[in-house]
Amino acid sequence: MRTLTYAQAIREAHAQLLALDPRVFVIGQGLWSPWYAGSSLEGLDSEFGCARMVDSPVSENAVTGMAVGAALAGLRPIVFHPRMDFMLLAMDPIVNQAANWSYLFSSKGGVPLVIRAVINRGGEQGAQHSQALHAMFMHVPGLKVVMPATPYDAKGLLMAAIKDSGPVLYIDDRWLYGESGEVPEEPFTVVIGEAIVRRRGSDVTLIGVSWMAAECVRAAALLEHEGIDAEVIDLRTLKPWDKELVAASVSRTGRAVVADGGWRTAGASADIAVEVTERCFHDLKAPVVRVTLPDAPAPANRSEELVYYPGAEQISSAARALLERIAKRAAA
Amino acid sequence: MKNSTGWLINRWETMTLIRHAEERIAGMVESGEVGCPCHLYIGQEAIAAGVCAALRSEDTVWGGHRSHGHYLAKGGSLAGLFGEVLLKATGCAAGRGGSMHLAAPEVGVLGTVPIVAGTVPLAAGAAFAYKMRGEDTVAVAFFGDGALEEGHVHESMNLAALYRLPLVLICENNLYASHLHWSERRAADNLYRAGEFHSVPGERVDGNDVEAVYQAARSAVERARGGEGPTLIECRTFRWRGHVGASFDLDVGVARRGELAEWLPLDPLQRLTDQLTERGVADLTLREQAIDARIGGAMEAACAH
């Protein structure tokens, strides 16, 4: 199969959606400039015209509201937020309008809207250019939240999101844009709500999403060198997340590390950890542990960034500590 | 241009329907049969009736918390309104929202929701969709004077002017946002000029004069349909009842009590009734009875489940 980068896969999904469905259009900031979307939208304005690739003024609230209204009037908009931080200005159309509307007026049809948000952190950009706010949106009934970690899922989940009758928040991560992987050329969808096992293992389950799912795969490779056999689950969809697949895995391994690129308190990791504990309590050999950002705004300084963002090292250490803890208890 | 007697009777019927339906709802609020918050439109009926008279059936309207009138004037089902206010499955939103959440897309009421000015960007988005599809449909956003204090209304005006969207912005200035008089919220009484900076022309009309409202709306709708972009119309009016609930809202101060006494004689419905009587229309009582019968039937249908 052909190989694409994550950014190319996002671009291809857009191109195919625009070509296949005249109702699809994209609106948001930076559509005509590589500064905002990297190569993920490159050339689509000249290919499909600026009337369907609308580079808008910085009016996040009204632009997102317009996308909701256009969806209700029969189009299939993708509203683009090149930095998730700025999307906070659009909380009303996302939460009050799109999400609640899909419940309130479900008897009158849904809100077929894709909200695309980019996590764009690191690089000494500081606290207001670095936030991964997925947990805030995961909290809201009526919103689906997808977070692809691979080029295959980046394409398949975007194509699934646009076909969905309700509002879907599609969050991609600039740190993944260069990752390569096999992607079918033809249009395809990845089922929203289905996680995937990236690596089979029997000692511990590593659970992640988006960038942290990729870090879990790397952590499993580190652990393998030490004879620890980790199973890796990439959630792919954060809301609704695949509780059955995760619970089945943890029930088998008896140990779970939840890795998330968001903050710890009331974060995605908190929901996953408590759900795993509720479902797998009697099979757990140790408490569920979490690897997250500290409860602090993102630093700007490079050396502080290196400490702030956890990755494969921290995930593998957490897994190792879980197994050592059990070994100690067995010896005692 | 003088409107025909038949045209005026149609407006009178719409306004009477809104007035009587809302009085019925007010009674149910007072008796406790209706529990959800109801923001009554009584006193402002000429605006919904005048604007909707300028629209085609496929044109769409968007509203806010005080939108019973918009919903009915655009042709929303009366039983659907009563059912919704009573939170029954017969409601237009299947009883999921109540008075503040109305929709009847089959007649162009795309939605009314209570976040102040929440539907203004949505109306702009619908207008964007009509333009993109090459249709000459128009979207109308109804909102109150308080809405112009929300930033996204200004963002929406800029976007609508920039993209020349077929959008009509109806600001119903009833002088109060909740309990605050305009003078407690703004330094100048100039809402119709709010679009100037965004290249949205504005006009101020007597919102209690259905013909004046219609005239302004018709020009704005024609302008929108012709691809010339959005227009803002400030309709001056007064809310008779409280911000929410059935009372006459005499609790917000002496000044307000004086204002209500000034505005009651300007009743838009009575003005139209007088006009029609002058023109020799003699069957208004019969027509009123027919409307009341319709209201009774709709209430029965709403409560059938």
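Me: Which residue in S5(B) does Val140(B) stand opposite?
Reply: Happy to start there, keeping in mind that this is a predicted model. S4(B) is joined to strand S5 (residues 167-173) of chain B by six bridges, and the two strands run parallel. Across that pairing, the residue opposite Val140(B) is Val168(B).

Me: And on the S1 side, which residue stands opposite Val140(B) in S4(B)?
Reply: Strand S1 (residues 60-63) of chain B also runs parallel to strand S4 (residues 139-144) of chain B, with three bridges between them. One bridge pair there is Trp62(B) with Ala141(B). For Val140(B), the residue opposite is Val61(B).

Me: Is S4(B) enclosed or open, and how many of its residues are buried?
Reply: Let's take the two faces in turn. Ala139(B), Ala141(B) and Phe143(B) lie on one side, Val140(B), Phe142(B) and Gly144(B) lie on the other, and all are buried. S4(B) is therefore largely enclosed by the rest of the structure, the buried count being six of the six residues.

Me: Which strands stand at the edges of the seven-stranded sheet in chain B?
Reply: The order in this open sheet is S2-S3-S1-S4-S5-S9-S8 (chain B), and the pairing is mixed. From one strand to the next, the twist averages 15 degrees. Pairing on one side only marks the edge strands, which are strand S2 (102-104) and strand S8 (202-206) of chain B.

Me: Which residues touch the most other members of the largest nonpolar core?
Reply: As a general point, nonpolar side chains in soluble globular proteins tend to be buried together. Here the largest nonpolar core has 200 residues. Helix H5 (residues 120-132) of chain B gives the most to this core, with 10 residues, and at least three come from each of domain 1 (3-182) and domain 2 (196-331) of chain A. The members that touch the most others are Leu206(A) and Val140(B).

Me: Which residues does Leu206(A) touch, leaving aside those up to four places away in sequence?
Reply: Leu206(A) points the same way from S10(A) as Val204(A) and Gly208(A), and these residues are buried. The residues touched by Leu206(A) are Cys216(A), Ala219(A), Ala220(A), Ala230(A), Glu231(A), Val232(A), Val257(A), Ala259(A), Ile315(A) and Ala319(A).

Me: Why is S10(A) largely enclosed by the rest of the structure?
Reply: Consider both directions in which the side chains of S10(A) point. Thr205(A) and Ile207(A) point the other way from Val204(A), Leu206(A) and Gly208(A), and all are buried. S10(A) is largely enclosed because its buried residues number five of the five.

Me: What does Ile207(A) stand opposite in S11(A)?
Reply: Strand S10 (residues 204-208) of chain A pairs in the parallel sense with strand S13 (residues 256-263) of chain A over three bridges, where Ile207(A) stands opposite Val258(A). S10(A) also pairs in the parallel sense with strand S11 (residues 230-234) of chain A, over five bridges. In S11(A), the residue opposite Ile207(A) is Ile233(A).

Me: Which strands of the five-stranded sheet in chain A have a single partner strand?
Reply: This open sheet has mixed pairing and the order S9-S11-S10-S13-S14 (chain A). The twist averages 25 degrees from one strand to the next. Each edge strand has a single partner, so one side is left without a neighbour in the sheet; these strands are strand S9 (196-199) and strand S14 (289-293) of chain A.

Me: At about what angle to S13(A) does helix H10 of chain A run?
Reply: Helix H10 covers residues 268-280 of chain A. It lies across S10, S13 and S14 of chain A, and its angle to S13(A) is about 160 degrees.

Me: How many residues does each domain of chain A give to the contact between them?
Reply: The domain assignment gives domain 1 (3-182) and domain 2 (196-331), with 27 Å between their centres, taken over C-alpha atoms. On the side of domain 1 that touches domain 2, the residues divide into 14 nonpolar, five polar and six charged. The contact takes 25 residues from domain 1 of chain A and, from domain 2 of chain A, 22 residues.

Me: Which element gives the most to the side of chain A that touches chain B?
Reply: Between the chains, 27 residues of chain A are in contact with 27 residues of chain B. Helix H4 (60-72) and helix H5 (91-104) of chain A each give two or more residues to the chain A side, which divides into 17 nonpolar, eight polar and two charged. With 10 residues, the element that gives the most is H4(A).

Methods. Residues numbered from 1 in each chain as written. Chains lettered and ligands numbered in written order. Predicted model: local features only at pLDDT ≥ 70, side-chain atom pairs only at ≥ 80, totals over all residues. Contact = placed C-beta atoms within 7 Å. Helix = DSSP H or I, 4+ residues; strand = E, 2+ residues; numbered from the N terminus. Nonpolar A, V, L, I, M, F, W, Y, C, P; charged D, E, K, R; others polar. Pairing = 2+ DSSP bridges. Axes fitted to C-alpha atoms, helices over the stretch in contact; angles between N-to-C directions. Domains from an automatic or database assignment. Core = buried A, V, L, I, M, F, W, Y, C linked by C-beta atoms within 7 Å. Buried ≥ 20, exposed ≤ 12 C-beta atoms within 10 Å, placed from the backbone.
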